[in-house]
Amino acid sequence: MAVSTRRQLSLRPSPFVATMLLVLALFVVALLRSGSMSITGQALLTGLIAGGVYSLLAMGLSLIFGVLDIVNFAHGSFLAIGLFVTYEVVHQTGANPYVALPVAIVVLFVLGALLQLLVLNRTMGSSLESQLLITLGLSLLISNALLLFFGGDPLSANLHNDPGVHIFGAVANLSRVIAFVGALVLALLLYVLLEKTSFGRAIRAVAANRQGAGLVGIDVRMIYAVTFGLGTACAGAAGMFIAPFTTITPTAGDQFNILAFVVVVMGGLGNIMGALVSGLIVGLVEQLGGVAIAGQSPLLSVFILFLLILLIRPQGIFGAKSS
Amino acid sequence: MLELDNIAAGYGKLQILHELSIHVRPGELVSVVGANGAGKTTTLRVISGLIGTMGGQVRYDGEVITGLRAHQLVKRGIVQVSEDRDLFGPMTVEENLVLGAWTRRKAAINEELERIFELFPILLERRRQAAQTMSGGQQQMLAIGRALMAKPKVLMLDEPSTGLSPKMTWDVLNAASAIRDSGVSVLLVEQNAAQALAISDRAYVLESGSVVLEGPGRELAGDERVKKAYLGL
(Lines give C-alpha, C1' and ligand atoms only; values in the text may rest on other atoms or scores of the structure.)
Protein backbone atom coordinates (compact mmCIF):
# COMPACT_ATOMS: atom_id res chain seq x y z
CA MET A 1 0.00 0.00 0.00
CA ALA A 2 1.55 3.23 -1.12
CA VAL A 3 1.04 6.09 1.24
CA SER A 4 1.39 9.55 -0.21
CA THR A 5 3.54 11.77 1.93
CA ARG A 6 2.27 14.93 0.30
CA ARG A 7 -0.51 16.69 2.03
CA GLN A 8 -3.70 17.03 0.09
CA LEU A 9 -4.80 20.56 -0.55
CA SER A 10 -8.03 21.24 1.24
CA LEU A 11 -10.11 24.34 1.58
CA ARG A 12 -11.63 23.10 4.82
CA PRO A 13 -9.59 24.44 7.71
CA SER A 14 -8.23 21.96 10.20
CA PRO A 15 -10.33 21.75 13.38
CA PHE A 16 -7.45 23.29 15.32
CA VAL A 17 -7.21 26.26 12.96
CA ALA A 18 -11.01 26.63 13.08
CA THR A 19 -10.88 26.73 16.87
CA MET A 20 -8.14 29.35 16.83
CA LEU A 21 -10.19 31.43 14.37
CA LEU A 22 -13.09 31.16 16.82
CA VAL A 23 -10.86 32.45 19.62
CA LEU A 24 -9.75 35.30 17.36
CA ALA A 25 -13.38 36.09 16.56
CA LEU A 26 -14.18 36.14 20.28
CA PHE A 27 -11.27 38.51 20.77
CA VAL A 28 -12.61 40.86 18.10
CA VAL A 29 -16.16 40.72 19.49
CA ALA A 30 -14.83 41.33 23.01
CA LEU A 31 -12.84 44.30 21.69
CA LEU A 32 -15.90 45.77 19.93
CA ARG A 33 -18.25 45.15 22.85
CA SER A 34 -15.95 46.61 25.48
CA GLY A 35 -14.51 49.25 23.20
CA SER A 36 -11.33 49.02 25.21
CA MET A 37 -8.06 47.40 24.28
CA SER A 38 -6.96 47.35 27.90
CA ILE A 39 -10.03 45.42 29.07
CA THR A 40 -9.69 42.93 26.23
CA GLY A 41 -5.95 42.63 26.74
CA GLN A 42 -6.57 41.99 30.42
CA ALA A 43 -9.06 39.23 29.52
CA LEU A 44 -6.48 37.74 27.18
CA LEU A 45 -3.83 37.60 29.90
CA THR A 46 -6.19 36.38 32.61
CA GLY A 47 -7.52 33.69 30.27
CA LEU A 48 -4.11 32.46 29.26
CA ILE A 49 -3.01 32.29 32.90
CA ALA A 50 -6.13 30.43 34.02
CA GLY A 51 -5.67 28.12 31.03
CA GLY A 52 -2.24 27.01 32.17
CA VAL A 53 -3.76 25.54 35.32
CA TYR A 54 -6.57 23.91 33.31
CA SER A 55 -3.90 22.35 31.11
CA LEU A 56 -2.09 20.71 33.99
CA LEU A 57 -5.32 19.52 35.59
CA ALA A 58 -6.67 18.14 32.33
CA MET A 59 -3.41 16.40 31.38
CA GLY A 60 -3.77 14.34 34.53
CA LEU A 61 -7.36 13.47 33.68
CA SER A 62 -6.49 12.63 30.09
CA LEU A 63 -3.56 10.47 31.19
CA ILE A 64 -5.82 8.45 33.47
CA PHE A 65 -8.36 7.96 30.71
CA GLY A 66 -5.75 7.13 28.07
CA VAL A 67 -3.98 4.48 30.10
CA LEU A 68 -6.68 3.09 32.37
CA ASP A 69 -9.88 3.79 30.43
CA ILE A 70 -11.32 5.25 33.61
CA VAL A 71 -13.47 8.36 33.39
CA ASN A 72 -12.45 9.91 36.67
CA PHE A 73 -15.21 12.04 38.10
CA ALA A 74 -13.26 12.53 41.31
CA HIS A 75 -10.57 14.59 39.58
CA GLY A 76 -11.92 17.91 40.86
CA SER A 77 -12.04 16.49 44.38
CA PHE A 78 -8.36 15.62 44.17
CA LEU A 79 -7.72 19.25 43.27
CA ALA A 80 -9.73 20.19 46.40
CA ILE A 81 -7.46 17.96 48.47
CA GLY A 82 -4.52 19.85 46.98
CA LEU A 83 -6.13 23.09 48.17
CA PHE A 84 -6.56 21.79 51.72
CA VAL A 85 -3.06 20.30 51.85
CA THR A 86 -1.76 23.76 51.00
CA TYR A 87 -4.01 25.33 53.63
CA GLU A 88 -2.77 22.88 56.27
CA VAL A 89 0.90 23.44 55.43
CA VAL A 90 0.50 27.22 55.56
CA HIS A 91 -1.44 27.16 58.82
CA GLN A 92 0.64 24.58 60.62
CA THR A 93 4.03 26.01 59.70
CA GLY A 94 3.28 29.59 58.67
CA ALA A 95 5.40 28.93 55.62
CA ASN A 96 5.02 30.29 52.13
CA PRO A 97 2.23 28.36 50.27
CA TYR A 98 4.71 27.17 47.63
CA VAL A 99 6.42 25.04 50.27
CA ALA A 100 3.26 22.93 49.99
CA LEU A 101 3.90 22.07 46.32
CA PRO A 102 6.06 18.97 46.90
CA VAL A 103 3.80 17.98 49.79
CA ALA A 104 0.67 18.21 47.64
CA ILE A 105 2.33 16.28 44.81
CA VAL A 106 3.53 13.47 47.07
CA VAL A 107 0.30 13.22 49.09
CA LEU A 108 -1.90 13.12 46.00
CA PHE A 109 0.41 10.71 44.18
CA VAL A 110 0.37 8.26 47.08
CA LEU A 111 -3.38 8.67 47.56
CA GLY A 112 -4.09 8.07 43.86
CA ALA A 113 -1.75 5.09 43.60
CA LEU A 114 -3.24 3.47 46.72
CA LEU A 115 -6.79 4.06 45.47
CA GLN A 116 -5.90 2.36 42.22
CA LEU A 117 -4.17 -0.56 43.94
CA LEU A 118 -6.80 -1.16 46.60
CA VAL A 119 -10.06 -0.14 44.95
CA LEU A 120 -9.97 0.55 41.25
CA ASN A 121 -7.77 -2.39 40.19
CA ARG A 122 -10.67 -4.63 41.16
CA THR A 123 -12.92 -2.86 38.70
CA MET A 124 -10.53 -2.85 35.73
CA GLY A 125 -12.25 -4.18 32.64
CA SER A 126 -15.72 -3.85 34.14
CA SER A 127 -18.34 -1.65 32.53
CA LEU A 128 -17.87 2.07 32.13
CA GLU A 129 -20.94 2.77 34.31
CA SER A 130 -19.60 0.95 37.32
CA GLN A 131 -16.29 2.83 37.20
CA LEU A 132 -18.15 6.06 36.64
CA LEU A 133 -20.29 5.42 39.71
CA ILE A 134 -17.25 4.49 41.79
CA THR A 135 -15.36 7.67 40.93
CA LEU A 136 -18.51 9.73 41.42
CA GLY A 137 -19.00 8.13 44.83
CA LEU A 138 -15.35 8.77 45.60
CA SER A 139 -15.84 12.43 44.75
CA LEU A 140 -18.76 12.70 47.20
CA LEU A 141 -16.75 10.83 49.83
CA ILE A 142 -13.79 13.22 49.47
CA SER A 143 -15.95 16.37 49.57
CA ASN A 144 -17.74 15.17 52.69
CA ALA A 145 -14.56 14.01 54.39
CA LEU A 146 -13.09 17.49 53.79
CA LEU A 147 -16.31 19.00 55.16
CA LEU A 148 -16.06 16.81 58.24
CA PHE A 149 -12.44 17.73 59.00
CA PHE A 150 -12.31 21.37 57.95
CA GLY A 151 -15.93 22.53 58.16
CA GLY A 152 -17.79 24.45 55.50
CA ASP A 153 -16.40 27.92 56.20
CA PRO A 154 -14.28 29.31 53.39
CA LEU A 155 -10.54 29.24 54.11
CA SER A 156 -7.59 30.88 52.44
CA ALA A 157 -3.88 30.37 51.93
CA ASN A 158 -2.87 33.77 50.57
CA LEU A 159 0.62 35.04 49.91
CA HIS A 160 1.74 37.67 52.43
CA ASN A 161 2.69 39.91 49.57
CA ASP A 162 1.06 39.36 46.18
CA PRO A 163 1.99 42.34 43.99
CA GLY A 164 0.59 42.93 40.53
CA VAL A 165 2.87 42.10 37.63
CA HIS A 166 2.59 44.17 34.44
CA ILE A 167 2.68 42.17 31.24
CA PHE A 168 2.05 43.97 27.92
CA GLY A 169 -0.10 46.58 29.59
CA ALA A 170 -2.23 44.09 31.49
CA VAL A 171 -1.86 43.19 35.15
CA ALA A 172 -1.82 39.85 36.91
CA ASN A 173 -1.06 39.01 40.51
CA LEU A 174 2.29 37.39 41.08
CA SER A 175 0.56 34.27 42.45
CA ARG A 176 -1.32 33.82 39.17
CA VAL A 177 1.83 34.26 37.10
CA ILE A 178 3.58 31.67 39.26
CA ALA A 179 0.59 29.33 38.84
CA PHE A 180 0.79 29.68 35.07
CA VAL A 181 4.53 29.16 34.79
CA GLY A 182 4.58 26.40 37.41
CA ALA A 183 1.70 24.52 35.78
CA LEU A 184 3.35 24.65 32.37
CA VAL A 185 6.70 23.51 33.78
CA LEU A 186 5.05 20.51 35.46
CA ALA A 187 3.05 19.79 32.30
CA LEU A 188 6.30 19.79 30.34
CA LEU A 189 7.95 17.51 32.91
CA LEU A 190 5.04 15.08 32.57
CA TYR A 191 5.46 15.15 28.81
CA VAL A 192 9.19 14.46 29.08
CA LEU A 193 8.51 11.62 31.53
CA LEU A 194 6.05 10.00 29.11
CA GLU A 195 8.01 10.52 25.90
CA LYS A 196 11.65 10.37 26.87
CA THR A 197 12.01 7.88 29.71
CA SER A 198 11.75 4.12 29.61
CA PHE A 199 9.16 4.20 32.37
CA GLY A 200 7.06 6.58 30.27
CA ARG A 201 7.47 4.23 27.33
CA ALA A 202 6.05 1.45 29.48
CA ILE A 203 3.07 3.64 30.40
CA ARG A 204 2.44 4.33 26.72
CA ALA A 205 2.79 0.62 25.99
CA VAL A 206 0.06 -0.19 28.53
CA ALA A 207 -2.14 2.47 26.92
CA ALA A 208 -1.53 0.99 23.47
CA ASN A 209 -2.05 -2.68 24.41
CA ARG A 210 -2.33 -3.86 27.99
CA GLN A 211 -2.14 -7.56 27.13
CA GLY A 212 0.94 -6.93 25.01
CA ALA A 213 2.45 -5.01 27.91
CA GLY A 214 1.96 -8.05 30.14
CA LEU A 215 3.56 -10.27 27.49
CA VAL A 216 6.80 -8.25 27.51
CA GLY A 217 6.95 -8.47 31.29
CA ILE A 218 5.55 -5.11 32.36
CA ASP A 219 3.65 -5.31 35.64
CA VAL A 220 0.48 -3.75 34.30
CA ARG A 221 -1.20 -3.27 37.69
CA MET A 222 1.86 -1.40 38.95
CA ILE A 223 1.75 0.87 35.87
CA TYR A 224 -1.96 1.46 36.52
CA ALA A 225 -1.23 2.53 40.08
CA VAL A 226 1.63 4.86 39.11
CA THR A 227 -0.39 6.36 36.26
CA PHE A 228 -3.40 7.05 38.46
CA GLY A 229 -1.02 8.54 41.01
CA LEU A 230 0.56 10.80 38.36
CA GLY A 231 -2.89 11.91 37.25
CA THR A 232 -4.03 12.78 40.77
CA ALA A 233 -0.67 14.44 41.48
CA CYS A 234 -1.40 16.78 38.54
CA ALA A 235 -4.71 17.67 40.20
CA GLY A 236 -2.95 18.14 43.54
CA ALA A 237 -0.31 20.43 42.04
CA ALA A 238 -2.99 22.42 40.21
CA GLY A 239 -4.82 22.77 43.54
CA MET A 240 -1.67 24.05 45.24
CA PHE A 241 -0.96 26.57 42.48
CA ILE A 242 -4.46 28.11 42.65
CA ALA A 243 -4.69 27.99 46.46
CA PRO A 244 -3.22 31.50 47.00
CA PHE A 245 -6.04 33.14 44.99
CA THR A 246 -8.90 30.69 45.51
CA THR A 247 -11.54 30.46 48.22
CA ILE A 248 -10.86 27.08 49.79
CA THR A 249 -14.02 25.05 50.38
CA PRO A 250 -14.69 21.30 50.23
CA THR A 251 -16.55 21.70 46.92
CA ALA A 252 -14.09 24.15 45.34
CA GLY A 253 -12.93 21.44 42.94
CA ASP A 254 -16.32 20.76 41.37
CA GLN A 255 -16.18 23.64 38.93
CA PHE A 256 -12.72 22.55 37.81
CA ASN A 257 -13.98 19.03 37.31
CA ILE A 258 -16.32 20.23 34.60
CA LEU A 259 -13.70 22.50 33.02
CA ALA A 260 -11.17 19.67 32.97
CA PHE A 261 -13.64 17.46 31.13
CA VAL A 262 -14.24 20.14 28.53
CA VAL A 263 -10.48 20.46 28.03
CA VAL A 264 -9.95 16.70 27.79
CA VAL A 265 -12.70 16.21 25.23
CA MET A 266 -11.43 19.16 23.19
CA GLY A 267 -7.90 17.81 23.19
CA GLY A 268 -9.07 14.30 22.35
CA LEU A 269 -9.61 11.69 25.07
CA GLY A 270 -6.24 10.32 26.09
CA ASN A 271 -4.28 12.91 24.07
CA ILE A 272 -1.92 14.47 26.63
CA MET A 273 -0.48 17.20 24.44
CA GLY A 274 -3.98 17.94 23.14
CA ALA A 275 -5.04 18.60 26.74
CA LEU A 276 -2.09 20.97 27.22
CA VAL A 277 -3.03 23.15 24.25
CA SER A 278 -6.78 22.90 24.84
CA GLY A 279 -6.41 24.06 28.43
CA LEU A 280 -5.00 27.36 27.20
CA ILE A 281 -7.79 27.67 24.62
CA VAL A 282 -10.50 27.03 27.23
CA GLY A 283 -8.96 29.66 29.52
CA LEU A 284 -8.98 32.19 26.67
CA VAL A 285 -12.53 31.37 25.60
CA GLU A 286 -13.73 31.67 29.18
CA GLN A 287 -12.27 35.14 29.75
CA LEU A 288 -12.77 36.61 26.26
CA GLY A 289 -16.29 35.17 26.23
CA GLY A 290 -16.94 36.81 29.57
CA VAL A 291 -16.23 40.18 27.96
CA ALA A 292 -17.90 39.41 24.61
CA ILE A 293 -21.11 38.08 26.16
CA ALA A 294 -21.12 40.44 29.09
CA GLY A 295 -23.43 39.94 32.02
CA GLN A 296 -23.34 36.15 31.78
CA SER A 297 -21.19 33.63 33.59
CA PRO A 298 -17.87 33.38 31.75
CA LEU A 299 -18.53 29.64 31.62
CA LEU A 300 -21.35 30.19 29.14
CA SER A 301 -18.98 30.61 26.21
CA VAL A 302 -16.97 27.58 27.35
CA PHE A 303 -20.08 25.40 27.28
CA ILE A 304 -21.16 26.74 23.91
CA LEU A 305 -17.74 25.76 22.59
CA PHE A 306 -18.05 22.38 24.32
CA LEU A 307 -21.40 21.71 22.65
CA LEU A 308 -19.99 22.71 19.26
CA ILE A 309 -17.10 20.30 19.68
CA LEU A 310 -19.35 17.45 20.81
CA LEU A 311 -21.58 18.02 17.79
CA ILE A 312 -18.93 18.60 15.13
CA ARG A 313 -15.69 17.02 16.37
CA PRO A 314 -16.42 14.54 19.19
CA GLN A 315 -12.93 13.10 18.74
CA GLY A 316 -11.38 16.46 19.67
CA ILE A 317 -9.78 19.22 17.67
CA PHE A 318 -6.53 17.37 17.08
CA GLY A 319 -8.19 14.46 15.35
CA ALA A 320 -6.42 11.83 17.42
CA LYS A 321 -8.72 8.96 18.22
CA SER A 322 -8.83 7.80 21.82
CA SER A 323 -6.57 4.89 22.55
CA MET B 1 12.30 -27.99 31.31
CA LEU B 2 8.63 -27.00 30.82
CA GLU B 3 6.09 -29.60 31.91
CA LEU B 4 2.32 -29.61 31.97
CA ASP B 5 1.08 -32.36 34.22
CA ASN B 6 -2.53 -33.56 34.09
CA ILE B 7 -3.93 -30.12 33.39
CA ALA B 8 -7.66 -29.54 33.59
CA ALA B 9 -8.83 -26.09 32.57
CA GLY B 10 -11.60 -24.19 30.84
CA TYR B 11 -13.85 -21.18 30.89
CA GLY B 12 -16.53 -20.99 33.60
CA LYS B 13 -18.15 -24.41 33.81
CA LEU B 14 -17.00 -25.39 30.34
CA GLN B 15 -13.99 -27.66 30.68
CA ILE B 16 -11.75 -27.57 27.62
CA LEU B 17 -8.61 -29.42 28.71
CA HIS B 18 -8.85 -32.89 30.25
CA GLU B 19 -5.79 -34.39 31.93
CA LEU B 20 -3.49 -32.83 29.40
CA SER B 21 0.21 -33.61 29.81
CA ILE B 22 2.92 -32.26 27.54
CA HIS B 23 6.54 -31.27 28.01
CA VAL B 24 9.24 -29.33 26.22
CA ARG B 25 12.95 -30.16 26.59
CA PRO B 26 15.80 -27.65 26.26
CA GLY B 27 16.54 -26.70 22.66
CA GLU B 28 13.53 -28.51 21.29
CA LEU B 29 10.91 -27.31 18.81
CA VAL B 30 7.64 -28.87 19.87
CA SER B 31 4.36 -28.26 18.13
CA VAL B 32 0.83 -28.75 19.27
CA VAL B 33 -1.56 -29.33 16.40
CA GLY B 34 -5.25 -30.15 16.23
CA ALA B 35 -8.57 -28.97 14.92
CA ASN B 36 -10.32 -25.77 15.92
CA GLY B 37 -11.52 -26.03 19.50
CA ALA B 38 -9.21 -28.90 20.42
CA GLY B 39 -7.68 -26.75 23.18
CA LYS B 40 -4.44 -25.56 21.58
CA THR B 41 -4.74 -21.91 22.49
CA THR B 42 -6.21 -22.79 25.89
CA THR B 43 -3.05 -24.80 26.58
CA LEU B 44 -0.89 -21.73 25.98
CA ARG B 45 -3.22 -19.58 28.06
CA VAL B 46 -2.78 -21.97 30.97
CA ILE B 47 1.00 -21.73 30.73
CA SER B 48 0.97 -17.95 30.48
CA GLY B 49 -1.40 -17.63 33.43
CA LEU B 50 -4.17 -15.94 31.47
CA ILE B 51 -6.66 -18.53 32.70
CA GLY B 52 -6.66 -20.55 35.91
CA THR B 53 -6.51 -24.32 36.18
CA MET B 54 -9.08 -26.70 37.63
CA GLY B 55 -6.43 -29.30 38.28
CA GLY B 56 -2.87 -30.31 37.50
CA GLN B 57 0.40 -28.40 37.58
CA VAL B 58 2.64 -26.41 35.30
CA ARG B 59 6.32 -26.80 36.20
CA TYR B 60 9.35 -24.99 34.88
CA ASP B 61 12.83 -26.20 35.80
CA GLY B 62 11.22 -28.04 38.71
CA GLU B 63 9.40 -24.97 40.06
CA VAL B 64 5.59 -24.95 40.11
CA ILE B 65 4.55 -21.91 38.07
CA THR B 66 0.80 -22.56 37.83
CA GLY B 67 -1.10 -19.28 38.14
CA LEU B 68 1.87 -16.90 37.93
CA ARG B 69 1.06 -13.68 36.10
CA ALA B 70 2.43 -12.91 32.65
CA HIS B 71 5.15 -10.50 33.77
CA GLN B 72 6.44 -13.00 36.35
CA LEU B 73 6.80 -15.65 33.64
CA VAL B 74 8.76 -13.30 31.39
CA LYS B 75 11.30 -12.79 34.20
CA ARG B 76 11.75 -16.58 34.34
CA GLY B 77 12.33 -16.76 30.58
CA ILE B 78 8.93 -17.94 29.35
CA VAL B 79 7.71 -15.57 26.67
CA GLN B 80 4.63 -15.81 24.51
CA VAL B 81 3.72 -14.38 21.13
CA SER B 82 -0.06 -14.25 21.14
CA GLU B 83 -2.24 -15.00 18.14
CA ASP B 84 -3.30 -11.39 17.67
CA ARG B 85 0.34 -10.31 18.22
CA ASP B 86 -0.58 -7.61 20.77
CA LEU B 87 1.87 -5.07 19.38
CA PHE B 88 1.99 -1.47 20.59
CA GLY B 89 0.35 -0.13 17.43
CA PRO B 90 1.01 3.61 17.60
CA MET B 91 4.61 3.13 18.73
CA THR B 92 7.56 2.60 16.39
CA VAL B 93 9.09 -0.74 15.50
CA GLU B 94 12.16 0.13 17.53
CA GLU B 95 10.12 1.17 20.58
CA ASN B 96 8.22 -2.12 20.40
CA LEU B 97 11.50 -4.03 20.33
CA VAL B 98 13.06 -2.02 23.15
CA LEU B 99 9.97 -2.65 25.28
CA GLY B 100 10.47 -6.36 24.64
CA ALA B 101 13.59 -6.10 26.79
CA TRP B 102 11.70 -4.49 29.70
CA THR B 103 12.81 -7.16 32.17
CA ARG B 104 16.47 -6.96 31.17
CA ARG B 105 19.43 -4.72 31.92
CA LYS B 106 19.64 -1.65 29.69
CA ALA B 107 23.21 -2.39 28.66
CA ALA B 108 22.17 -5.53 26.80
CA ILE B 109 19.51 -3.85 24.67
CA ASN B 110 21.58 -2.54 21.76
CA GLU B 111 23.39 -5.81 21.24
CA GLU B 112 20.08 -7.65 21.26
CA LEU B 113 18.54 -5.16 18.82
CA GLU B 114 21.32 -5.89 16.35
CA ARG B 115 20.66 -9.62 16.59
CA ILE B 116 16.97 -9.11 15.90
CA PHE B 117 17.70 -6.84 12.93
CA GLU B 118 20.00 -9.56 11.59
CA LEU B 119 17.25 -12.16 11.90
CA PHE B 120 14.57 -9.87 10.44
CA PRO B 121 16.26 -7.22 8.22
CA ILE B 122 12.87 -5.73 7.32
CA LEU B 123 12.53 -4.51 10.90
CA LEU B 124 15.76 -2.51 10.57
CA GLU B 125 14.41 -0.91 7.43
CA ARG B 126 11.14 -0.03 9.18
CA ARG B 127 12.52 0.82 12.59
CA ARG B 128 11.02 4.32 12.71
CA GLN B 129 7.63 3.26 11.35
CA ALA B 130 4.55 2.81 13.57
CA ALA B 131 3.90 -0.88 14.17
CA GLN B 132 0.28 -0.63 13.10
CA THR B 133 1.20 0.55 9.61
CA MET B 134 3.05 -2.65 8.70
CA SER B 135 1.74 -5.71 6.86
CA GLY B 136 0.56 -8.82 8.70
CA GLY B 137 3.77 -10.73 8.02
CA GLN B 138 5.97 -7.85 9.14
CA GLN B 139 3.87 -7.49 12.29
CA GLN B 140 4.32 -11.18 13.05
CA MET B 141 8.10 -10.78 12.66
CA LEU B 142 8.00 -7.77 14.95
CA ALA B 143 5.99 -9.73 17.52
CA ILE B 144 8.54 -12.55 17.44
CA GLY B 145 11.42 -10.07 17.50
CA ARG B 146 9.91 -8.31 20.50
CA ALA B 147 9.57 -11.64 22.32
CA LEU B 148 13.21 -12.50 21.56
CA MET B 149 14.34 -9.20 23.07
CA ALA B 150 13.44 -10.69 26.46
CA LYS B 151 16.03 -13.42 25.75
CA PRO B 152 13.55 -16.25 26.42
CA LYS B 153 14.49 -19.79 27.33
CA VAL B 154 11.09 -20.96 26.11
CA LEU B 155 9.33 -19.13 23.29
CA MET B 156 5.65 -19.89 22.79
CA LEU B 157 4.14 -19.06 19.42
CA ASP B 158 0.35 -19.05 19.14
CA GLU B 159 -0.84 -19.63 15.55
CA PRO B 160 1.88 -17.48 13.97
CA SER B 161 0.60 -18.25 10.46
CA THR B 162 -2.81 -16.64 11.04
CA GLY B 163 -3.59 -14.27 8.21
CA LEU B 164 -0.27 -14.83 6.43
CA SER B 165 0.36 -15.90 2.84
CA PRO B 166 1.88 -19.40 2.36
CA LYS B 167 5.25 -17.83 1.49
CA MET B 168 5.12 -15.63 4.61
CA THR B 169 4.11 -18.65 6.69
CA TRP B 170 7.27 -20.47 5.62
CA ASP B 171 9.37 -17.42 6.44
CA VAL B 172 7.91 -17.29 9.92
CA LEU B 173 8.23 -21.04 10.52
CA ASN B 174 11.82 -20.99 9.24
CA ALA B 175 12.50 -18.20 11.69
CA ALA B 176 11.09 -20.47 14.41
CA SER B 177 13.57 -23.20 13.38
CA ALA B 178 16.42 -20.70 13.41
CA ILE B 179 15.41 -19.61 16.90
CA ARG B 180 15.43 -23.24 18.05
CA ASP B 181 18.89 -23.66 16.47
CA SER B 182 20.11 -20.72 18.55
CA GLY B 183 19.28 -22.76 21.66
CA VAL B 184 15.82 -21.48 22.60
CA SER B 185 13.07 -24.04 23.19
CA VAL B 186 10.06 -23.32 21.01
CA LEU B 187 6.49 -24.38 21.71
CA LEU B 188 4.50 -23.85 18.54
CA VAL B 189 0.72 -24.02 18.36
CA GLU B 190 -0.48 -24.27 14.77
CA GLN B 191 -3.60 -25.07 12.85
CA ASN B 192 -1.44 -25.37 9.80
CA ALA B 193 -0.47 -28.93 10.76
CA ALA B 194 1.51 -30.03 7.71
CA GLN B 195 3.98 -27.17 7.82
CA ALA B 196 4.26 -27.22 11.60
CA LEU B 197 5.00 -30.96 11.72
CA ALA B 198 7.62 -30.60 8.99
CA ILE B 199 9.84 -28.37 11.14
CA SER B 200 9.12 -29.91 14.57
CA ASP B 201 11.39 -32.13 16.61
CA ARG B 202 8.36 -33.51 18.39
CA ALA B 203 4.65 -32.87 18.22
CA TYR B 204 1.42 -33.50 20.05
CA VAL B 205 -1.93 -33.98 18.38
CA LEU B 206 -4.78 -32.64 20.49
CA GLU B 207 -8.38 -33.76 20.29
CA SER B 208 -11.14 -32.53 22.64
CA GLY B 209 -8.61 -31.27 25.15
CA SER B 210 -6.45 -34.36 25.43
CA VAL B 211 -3.30 -35.63 23.71
CA VAL B 212 -4.26 -38.40 21.28
CA LEU B 213 -0.94 -38.78 19.47
CA GLU B 214 2.63 -37.87 20.28
CA GLY B 215 5.91 -38.40 18.44
CA PRO B 216 8.63 -36.93 16.22
CA GLY B 217 7.21 -34.35 13.79
CA ARG B 218 8.11 -36.16 10.58
CA GLU B 219 6.74 -39.42 11.90
CA LEU B 220 3.41 -37.83 12.76
CA ALA B 221 3.30 -36.13 9.38
CA GLY B 222 3.45 -39.64 7.85
CA ASP B 223 0.90 -41.14 10.20
CA GLU B 224 -2.25 -42.27 8.39
CA ARG B 225 -4.59 -41.04 11.12
CA VAL B 226 -3.00 -37.60 11.15
CA LYS B 227 -3.02 -37.37 7.38
CA LYS B 228 -6.67 -38.22 7.30
CA ALA B 229 -7.85 -36.02 10.10
CA TYR B 230 -5.65 -32.90 9.82
CA LEU B 231 -3.73 -32.81 6.62
CA GLY B 232 -6.70 -33.41 4.34
CA LEU B 233 -4.91 -36.19 2.43
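This is a predicted model: local features need pLDDT of at least 70, side-chain atom pairs count only at pLDDT 80 or more; totals for chains, interfaces and linings use all residues.
Two packed helices are described in general by the angle between their axes and the distance between the axes.

On the H6(A) side, the residues that take part in the meeting are Leu193(A), Leu194(A), Glu195(A) and Lys196(A). Their partners in H7(A) are Ser198(A), Gly200(A), Arg201(A), Ile203(A) and Arg204(A).

## The interface between chains A and B

Chain A contributes 18 residues to its contact with chain B, and chain B contributes 22 residues. About 1,800 Å² is buried between the two chains, and carbon and sulfur atoms give 62% of this area. Of the area that chain A buries against chain B, 35% is supplied by Arg201(A), Leu215(A) and Val216(A), more than by any other three residues. Arg201(A) also belongs to the H7(A) residues that meet H6(A).

## Polar and charged links across the interface

How many salt bridges are there between chain A and chain B? The count is two. The side chains of Arg204(A) and Glu95(B) form a salt bridge, with a distance of 2.9 Å from N to O. Arg204(A) is also among the residues of H7(A) that meet H6(A). Across the interface of chain A and chain B, five residue pairs are in polar contact, with both residues at pLDDT 80 or more.

Which elements give two or more residues to the side of chain A that touches chain B? They are helix H7 (198-208) and helix H8 (210-215) of chain A. H7(A) provides the largest share of that side, seven residues. The residues on this side of chain A divide into eight nonpolar, six polar and four charged.

## Salt bridges in the whole structure

Over all chains, the structure holds 20 salt bridges. In chain B, the side chains of Asp5(B) and Arg59(B) meet in a salt bridge at 3.4 Å, N to O. Asp5(B) lies in strand E1 (residues 2-11) of chain B and Arg59(B) in strand E4 (residues 53-60) of chain B, so this pair ties together parts that are 54 residues apart in sequence.

Technical notes: Residues are numbered from 1 along each chain as its sequence is written. Chains are lettered from A and ligands numbered from 1 in the order in which they are written. Side-chain values use heavy atoms; hydrogens and water are left out. Contact means heavy atoms within 4.5 Å. Buried area is the accessible area (1.4 Å probe) that two parts lose on being put together, summed over both. A salt bridge is a side-chain nitrogen of Lys or Arg within 4 Å of a carboxyl oxygen of Asp or Glu. A polar contact is a pair of N or O atoms within 3.5 Å; within protein, one must be able to donate a hydrogen and the other to accept it, and residues adjacent in sequence count only if both atoms are side-chain atoms. Helices (H or I, at least four residues) and strands (E, at least two) are DSSP runs, numbered from the N terminus. Ala, Val, Leu, Ile, Met, Phe, Trp, Tyr, Cys and Pro count as nonpolar, Asp, Glu, Lys and Arg as charged, and the others, Gly among them, as polar.
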